[in-house]
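I opened a new notebook page for this chain. The entries below follow the order in which I looked things up.

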Amino acid sequence: METVEGADGPGGPGLCCASFNQDTTSLAVGTKTGYRLFSVTSVDKLDCVFESAETPDVYIVERLFSSSLVVVVSQATPRRMNVYHFKKGTEICNYSYSNNILSVRLNRQRLVVCLEESIYIHNIKDMKLLKTLLNTPPNPSGLCALSITHSNSYLAYPGSATIGEIIVYDANNLNTVTMIPAHDSPLAAITFNASGTKLASASERGTVIRVFTVPEGHRLLEFRRGMKRYVSISSLSFSLDAQFLCASSNTETVHIFKLEQPGNSGEESSPTWSAYMGKMISAASSYLPAQVSDMMNQDRAFATVRLNVPGQRNVCALATIQKLPRLLVASSDGQLYVYNLDPHEGGECVLVKKHRLFRPDEEQAVSEESETTLPAQTCPSYAATVAIPAATPSPATLTGYSEDGGAKKGEVIPEHEFAAGPVCLDDENEFPPINWCRDGTGSGKGRRT
């Protein structure tokens, strides 16, 4: 889902990136020494479920739901994507591309790799490259979004480098669905709701956030984040029930909007003074210039959060934890902030917990930190989690797979990794049932990790 790059300065030593998984039950962070996976199913406790120190300077790490499949990209090899079964410590596969990888998105059907001027769509069941979208508009930030439901697998990416056009692409059927003229300025953030029926967007100005229907592309709602200044929106995220939408930026405020359809708020049955004034404003706006009318009809934030450390890059997400709605903010200062959200009254959200994502200086003794704070929780080490095979890898190879886009599958796979049957991540109920083949065609002997 949403990803944030960390600061290199004093505010966030060691933190390179952070991203929530598709259903906001897990947080992945990349560090100078590797990556860590946390469970975010409890408010009071942040469980580190895995830590790897095998790959330095990880700037992309994405986990597939709560499975053992994780995608990692390192600054040491920015053109190569590695897919791991982290619980068994085995590499499922790797792909190399013609340029630096800027972002990766995945659901239970597709894995999407975004470069600056091209996008690669893989079938996640066997990692075969299905489609290469070449010569896409320059996209230096790797902005794209993939719906998490496997029934549609909609992919959204910028359709222009100068204005806020959104291309919606069907990654299942491999065809373009629609083009949405969302903003006058270039895009800064886009995201789907969980069912893939709504798409939210913000431009580089950061003042207006719009919500569109998918696949039709009709404008559904419009929210105003502010008017005084332009800001850089760093993340957008729907709640799983699509009732709320949160937006974070380079300012100290996180905004939460409530998605209420006009006419569905029960104003007719129980009229109030605010409802009456709303109708009057709506009627008056029809006589005003279009720009002023649009501004009057834009909804404001339902709830807000004022961060203690402004200016830090962050990623936000809405989740239901222990049966209550929460706002999660992972910041480049190395903290995860947990806030309570009142779904009825809104207003200022209350900070209920703050968790450290990494130790202040991992090269120093842990005892130095324990003098001021509680000791950081010990994560399972790579060696403790993985049973490393004693056999020496043999030079068994896979037939290289490439297409006109330039993606190339890794060639050397240890022979002991090959076995009959599909890949099982944890159990038969866990996605995806990946089938591996020597010839890269989807037939023959599979590889189990």
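**Entry 1: aromatic rings.** I began with a definition: rings of Phe, Tyr and Trp (its six-membered ring) pair if their centres lie within 6.5 Å, and the planes count as stacked under 30 degrees apart, as edge-to-face over 60 and as tilted for the rest. I noted that the model is predicted, that local features need pLDDT of at least 70, that side-chain atom pairs count only at pLDDT 80 or more, and that totals for chains, interfaces and linings use all residues. I also noted that residues are numbered from 1 along each chain as its sequence is written, and that side-chain values use heavy atoms, with hydrogens and water left out.

I searched the whole structure and found 6 aromatic pairs. One of them is Phe50 with Phe86, a tilted pair with 5.0 Å centre to centre and 45° between the planes. This pair links distant parts of the chain: Phe50 sits in strand E5 (residues 47-52) and Phe86 in the loop between E8 and E9, 36 residues apart. I took strands (E, at least two residues) and helices (H or I, at least four) as DSSP runs, numbered from the N terminus. Tyr35, Phe50 and Phe86 make up one aromatic cluster.

Are Phe50 and Phe86 buried or exposed? I used these cut-offs: buried is under 20% relative accessible area, exposed is over 50%, and partly exposed is in between (1.4 Å probe, protein chains only). Phe50 counts as buried because its relative accessibility is 0%. Phe86 is buried as well, at 3%.

**Entry 2: the chain as a whole.** I counted 4 helices and 31 strands. Of the 449 residues, 51% are buried. I then looked at contacts, meaning heavy atoms within 4.5 Å. Among contacts between residues at least 6 apart in sequence, 47% join residues at least 24 apart.

**Entry 3: a sheet of five strands.** I traced an open sheet of 5 strands in the order E6-E7-E8-E9-E31, with antiparallel pairing. Strands E6 (58-63) and E31 (408-409) stand at the edges with a single partner strand each, so one side of each has no neighbour in the sheet. Two strands pair if DSSP finds at least two bridges between them. E6 is joined to strand E7 (residues 69-74) by 5 bridges, and the two run antiparallel. I found Val58 opposite Ser74 in E7.

**Entry 4: nonpolar cores.** A nonpolar core is a set of buried Ala, Val, Leu, Ile, Met, Phe, Trp, Tyr and Cys residues joined through side-chain atoms within 4.5 Å. The largest one has 25 residues, and those with the most contacts inside it are Met81, Tyr97, Ile101, Val104, Leu111 and Val113. The elements giving two or more residues to this core are E6, E7, E8 (80-85), E9 (90-96), E10 (103-106) and E11 (110-114). I listed the contacts of Ile101, leaving aside neighbours within four places in sequence; among them are Tyr59, Ile60, Val73, Met81 and Val113. A second, separate core has 20 residues, including Leu15, Ile321, Ala330 and Val338.

**Entry 5: a sheet of four strands.** Another open sheet has 4 strands in the order E18-E19-E20-E21, again with antiparallel pairing. Its edges are E18 (187-192) and E21 (219-224), each with a single partner strand, so one side of each is left without a neighbour in the sheet. Neighbouring strands here are turned by 20° against each other on average, direction ignored; the axes are lines fitted to C-alpha atoms, for helices over the stretch in contact, and angles run from 0 to 180 degrees between N-to-C directions. E18 pairs with E19 (residues 198-203) over 5 bridges. Leu187 has Ser203 in E19 as its bridge partner.

**Entry 6: a hairpin.** Strands E16 (residues 164-170) and E17 (residues 175-183) pair in the antiparallel sense over 7 bridges. Their hairpin has 4 residues between the strands, and Leu174 takes a positive phi near 60°. Ile167 is opposite Met179 in E17. I looked up Thr176, which is also in E17. Not counting residues up to four places away in sequence, Thr176 touches Ile167, Val168 and Tyr169.
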